[in-house]
Amino acid sequence: MIDTAVDEATLVSRAVALVPLLREHADEAERIGRLPDVEIEAFRDAGFFTAMRPKETGGSAIGFSAFIDIVRALSRGDASAGWVAAFLMSHEWLLSRLNASAQAEVFADGPALAAAVAAPPGTAVPVDGGYRVTGRWRFASAVLHSKWIVVAAAGAEGPLAVISKVADGEVLDTWHVPGMKATGSTDFVLDDVFIPQHRVTDFIKYSSRENDGAALYPSYAALQYPMYRVLSLIHGAVAVGTAEGALELFPQLMAKRIRPASGVPYLEEPEAHAAYGRAAQEALVAGLLLDDAVSRTERLYAPGTAEPSMDERAKLNLDVAASGVEAFKAVDTLIQAAGASVLRDGADYDRIARNTLVMRNHTTLDWRHAQVLAGRVLLGQGLGAHAEAMY
């Protein structure tokens, strides 16, 4: 049964309660390259897919911090599940930024599960009543569970956001990676597909605080956040949740291990205690950085506030990237202390090690790139070639 308009505390508690289910099905999810139906239905029944819709539409209109708490909790169970849930939830919010005609169509049957990809942009050629759109976009996370997809395209008038039915394009089998296998982050293709005018919008306006949905539903303040601010924090939330999950699993993984030479249980050795303490501190720092990014985002982008300075945006992006870096440190510390047996195929730490290997290569959590951009901005050199709407 679908539950809508659930309060924030209930949604977060439901996410915490799903951690055992996600751990139980994580191995199966990797094998099939997508989340099992039981997980998607659990998300639906929990009310996650209407959590980021305005109350006027029957949604819960949750705040920014509640969304991050839900993603962080789900990622304790499985990083891929947290990732897919994060995008399916936030893309309801993304579609809620569209004009009234587009929303009437995409939400006609309830939640409009959607993927969204921006790069590389395709092309949109204007024709009578709309556009003909062509392109191949990479990393369409959650597309295997989606009816709709938002893609970026270059039009004669500038960058455009295009909303297509997934069935009107082709989902390619390109996501062959060592970790995050169940996210289905594969390529998507549109080949000269007609898209009606009401499902094409100016990308800059759509990603800004002045999007159409924010004017339609002024009561839902989260619609007034710029697109990039919300979506970028997902990376930090999944990374921190993964580290917290690794901490939870460590005692039970180590409980059965005995050092052969001494007969002493590993869990009683000072080395294990030191590693666990260090990892706990690293995960705590990661969580604090993420919490700081969330709270400062809510303060800086509150309705009625002026656009934050580039310096403030640089510090926010450093917070997000650093939260991932500290979370990965915690995971590395635990894995190095746990011995080789925890890395057997299909083991929890084997999956966590491979998931973090892939996550740390995403551009949002690329620490060197984040430092370069922030350093340029803080020294007054601007963003260079980096798109301002994506910063």
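**Reading strands, a pocket and a buried residue**

Biologist: In this predicted model, which strand does β1 pair with in the parallel sense, and over how many bridges?

Modeller: Strand β1 pairs with strand β3, residues 148-155, in the parallel sense, and the pairing runs over 6 bridges.

Biologist: Which strand pairs with β1 in the antiparallel sense?

Modeller: That is strand β2, residues 130-140, which pairs with β1 over 5 bridges, and here Ala-124 stands opposite Val-133 in β2. The two strands form a hairpin with 2 residues between them, in which Gly-129 takes a positive phi near 85°.

Biologist: How should I read a pocket, and what volume does the largest pocket have?

Modeller: Rolling a probe the size of a water molecule over the atoms shows where empty space is left. In this structure, the largest pocket holds about 1,500 Å³ of space, and among the 50 residues that line it, the closest to its centre are Ala-118, His-362, Thr-363, Thr-364 and Met-390. By class, the lining has 36 nonpolar, 13 polar and 1 charged residues.

Biologist: Which strand gives the most to that lining?

Modeller: Strand β1, residues 114-127, gives the most, with 6 residues.

Biologist: Is Thr-333 buried or exposed?

Modeller: A residue counts as buried under 20% relative accessible area, and Thr-333 is therefore buried, because its relative accessibility is 10%. Thr-333 is found in helix α11, residues 310-338, and, leaving out residues up to four places away in sequence, Thr-333 touches Ala-275, Arg-278, Ala-279 and Glu-282.

Key. Residues numbered from 1 in each chain as written. Predicted model: local features only at pLDDT ≥ 70, side-chain atom pairs only at ≥ 80, totals over all residues. Heavy atoms only, no water. 1 Å grid on protein atoms, 1.4 Å probe; cavity = no way out; pocket = protein on both sides within 12 Å on 5 of 7 lines; lining within 4 Å. Points joined across faces, edges and corners; volume = space filled by probe spheres on them. Helix = DSSP H or I, 4+ residues; strand = E, 2+ residues; numbered from the N terminus. Nonpolar A, V, L, I, M, F, W, Y, C, P; charged D, E, K, R; others polar. Pairing = 2+ DSSP bridges. Buried < 20%, exposed > 50% of the residue type's maximum accessible area, 1.4 Å probe, protein only. Contact = heavy atoms within 4.5 Å.
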